[in-house]
Structures are given as structure tokens and as C-alpha cells.
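Hi,

Here is the structure I said I would pass on. Could you open it in your viewer and keep it beside you while you read the rest?

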Amino acid sequence: MVSRFLAAGVLVLGLAQSARAAPDMAPPGPLVQAPPGAPDPLRVFVMTMGPGDHPFFRFGHNAIWIRDELVPSDRVYNFGTFRFDSPRMILDFLGGRLNYWLSVSPLPHVIGDYRRENRSITIQELNLPPATKIELQEALEVNARPANRLYKYDYFLDNCSTRVRDAIDRRLQGGFHATALAPGRMTLREHALRMTAQPLWLYLALDIVLGPQVDKPIDQWTEMYLPEELARRLDTSVGGQPLVRGQVELVHADRPATLLVPPARTPKFFTWGVAVGLAIFGLGWGAARSRWARVPFGIVIALWGLVTGFIGSFLVYAWMLTDHVVTHRNQNILLCAPWALAHVVLGIGVALGRPGATRKAFALAAAALAAVVAACLIKIGFVAHQQNGPLIAFFVPAWVGVTVGLWWLLRRGPAKNRSHE
């Protein structure tokens, strides 16, 4: 559990797409027929790639493809490139200081990559004036130069999708932005959770790591941090003209569609929390009756402290020592108290039947339970709202079980357990 949370923590501190090479393929024929007598040779497409199997690819991807029918050439401009082999990659990921860049790839390489990964590619041809297409092409070429291509990646505010969105909007002098000022369908967190509903460990890690910053109301413009949202919003009119001339699915993927809304898991999380709390209390009840039952109880206390204490400590690190604003002021620190790490050592003392260790473990568990209660009370206060109801539903009964189990052992255990050490 801890290793998976760490891996997912690295993921959420830098969701990525990489540019990869593939064998040459023959370029496809015309995908959207240009109107008769077209006065320019350039055709501009937004490519939207569907989610993949790897956690890094669950949010999809997009790029700008420009076809020059005079040269001829097909160049794909990809803002989601970074170095996997950089010696500082992990540190930059964790610190929120990883640089991405704009790369340019031949179209056959891009198609080959996504076809092999069973990821869809949908293209939308933009209905732009000839001069605007030339401006966009020139701007992308300048942006792709080594001196200009780097940017500091932010997975909600400055990523592959927002860069594509902004490149189009600049050529339209803000006309695209003006069409997306209405309130968004859901928050940044809700979009992220619907895209990562499975596997469950990834869903949990994202929900735990993200703080209240992603729960604020957003507009449709901000929702376009997701490639599929950008593709959906391109179906609009700017200046009285449709922005998209046509749409074609270039590569079909045999995989389920993404959810339209995040899964409702509060009842299930509460049920799991009650089950965990009852199980831990049951071990504490048994430990009060049998010396041998203290061993599994102490081990479970140690493991619980390791998991929750590690998560809480990681959240403190993400808040205090990284540039990831969306992880700051995370109220889930109250659900996973960092001091629970002490239970790793105290749990061993509980297993060995040491009363002092049991008393200290109980005191720390009671403090952690009080922190969980504080997280509940915040919901009716004036602190920035954080959507962590499902997590609260799990941790309240779980911490009750830990605390009451330790209390029961202290109060109802054999008399020799309560003697001085």
C-alpha cells in the first residue's frame, strides 16, 4: 500500500506524456476533404488521443498537426515531452519543477505509437483563415526552437492540453476564450477522479493528495486542461463561424469509454471503514483476553501507523516543500496524522505486552481520532471547502476501531498488563 501510494504520489506531482519514436509508416490520405478552390495549402488539425493503460496516460493527450500539401509534410507539435532519463527527473517531479517542452514529430511516428498502445486518435480540422494558419504554423516553429521550447509543467494549469488551447486562442485574439466563460460541469478534482476511477489505488492516491485548490468552481476554459474537454469545446463558433470544419476518428481503440462523472463511493468507503474498525477492535478485544492475541493486534497497529503516518508525512512534504499548489493546505493530513508513524514502534511494544507502549499508542490514536473529528467540523466552518467526504467516511470508523481497541486492552487486559514496567 505504501509503495503504491508513493508511486501514485510521484504520478500526481507530475502527470505526463512523452514523445516516442516509432517505425515509419505511409502517411494517410486526406482525412477531411478541403473545400474546392481552397486558397492555401495548409490544413490544421487538433489531435485528441484517448487514455491508455499506464497511469501516466489515463488523462489522454493532444497535439496540433499541420499538413502542408505543397511540400508535402505532416508535422505534429507535441507539448507533452520530457526526459525520462534525466538524473533529476524524480526530484523535479516531486518538487513541481519539471520542465516539459514542445517537440515536433512526423505524423507516421505518432500514429504508430498510439495504434500499438490501443489508444484512440480523433482529429478535428480547424476552420481558420489562411493567414491565421500561417501565423499558427510560424508561432509553433518559433516555440519549438531549443531556446523557446521549455516550460514549467503544471498538470492542471499548464500542460499539453492548455498549451494547445492557448496556441489556438492567441491566433483568434481571445475569441475562443470568450466562448468558454460559462461555469464548468464539475471541479478539477471531479474531472480527475472520473478519469482515474480504476484502478482503485490510483483513484485513492489522487483523492488523498489533492487539496482544496482543486475543489473551487471553475469555468469551461479551465476544464480544458483535459484533452477530451478541449475537443468537446472546440465544437463552437467564433466570430459567427464554426471553429471546426470536420471530425474523424483516425485510430479506434478497443477499450471502455471514460466515465462522465466520478463514481459515488461514499457508502462503500463507509462500509470498508466500519469493517476495518470492527476488525481492529476485535483484535484489541481478543488481546485483552489472551496474551497470544496481543501479537497480531500489535502488528496490525504497527502496519496501520505505517500506512497512515506515511501518507500524512507525505502530504506535509507536498504542502511545505513543493511548488504544487494543488497539494497545499490539504485537510487530509487530519485524516492521516503524521504522528501515527510512532505506532510502528509502539505497535511492537503492544505485541510484546508492554503497558507503557500501549498507553502511548492509545494517546496517539485518540489524538488522531480528535484530528478526524476536526476534519468533520471544518465542513461547517469557514475554512476552504475540500471534497473529502468519502475519505472521512472511511477514516472515522477506522480510527474509532483503533482507539477503542487500544483502550479496551488497557482497561480490560490481564492485571499484569497494567503493572509498572
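Below is what turned up, going from confidence to the sheet, the pocket and a few backbone details.

First, a caution: this is a predicted model. Mean pLDDT for the protein is 88, and 85% of the residues reach at least 70. Two stretches need care. Over residues 2-34 the pLDDT stays under 50, and the model has 103 contacts beyond four places in sequence for them. Residues 415-421 also stay under 50, with 16 contacts beyond four places in sequence. I'd keep those scores in mind when you look at either stretch.

Now the sheet. It is an open one, built from 7 strands with antiparallel pairing, and the order across it is β6-β4-β3-β2-β1-β5-β9. At the edges sit β6 (150-152) and β9, each of which pairs on one side only. On average, neighbouring strands are turned by 25 degrees against each other, ignoring direction.

Helix α3 (residues 107-116) packs on it and touches β1, β2, β3 (73-81), β4 (99-106), β5 and β9. The direction of α3 makes about 110 degrees with that of β4. Helix α5 (residues 160-171) lies across β1, β2, β3, β5 and β6, and runs at about 40 degrees to β2.

How much space lies in it? About 640 Å³. Its lining comes to 27 residues, and those nearest the centre are T48, S120, T122, E228 and T258. Several elements give two or more residues to that lining: β1 (42-49), β5 (121-126), α7 (188-195), α10 (227-233) and β9 (244-251). Which of them gives the most? That would be α10, with 4 residues. By residue type, the lining divides into 10 nonpolar, 9 polar and 8 charged.

Last, some backbone details to have on hand if you set up any calculations. There is a cis peptide bond from V71 to P72, with omega near -15 degrees; P72 is found in the loop between β2 and β3. Another cis peptide bond runs from Q198 to P199, with omega near 0 degrees, and P199 lies in the loop between α7 and α8 (200-209). Then there is Q173, which has a positive phi of about 55 degrees although it is not a glycine. You will find Q173 in the loop between α5 and α6 (175-178).

Cheers

Definitions and conventions:
Residues are numbered from 1 along each chain as its sequence is written. This is a predicted model: local features need pLDDT of at least 70, side-chain atom pairs count only at pLDDT 80 or more; totals for chains, interfaces and linings use all residues. Side-chain values use heavy atoms; hydrogens and water are left out. On a 1 Å grid over the protein atoms alone, a cavity is a set of points where a 1.4 Å probe fits but cannot get out, and a pocket is an open set with protein on both sides within 12 Å along at least five of seven lines; lining residues have an atom within 4 Å of a point. Grid points are joined across faces, edges and corners, and a volume is the space filled by probe spheres set on the points. Ala, Val, Leu, Ile, Met, Phe, Trp, Tyr, Cys and Pro count as nonpolar, Asp, Glu, Lys and Arg as charged, and the others, Gly among them, as polar. Two strands pair if DSSP finds at least two bridges between them. Axes are lines fitted to C-alpha atoms, for helices over the stretch in contact, and angles run from 0 to 180 degrees between N-to-C directions. Contact means heavy atoms within 4.5 Å. pLDDT is the predictor's confidence in each residue, from 0 to 100.
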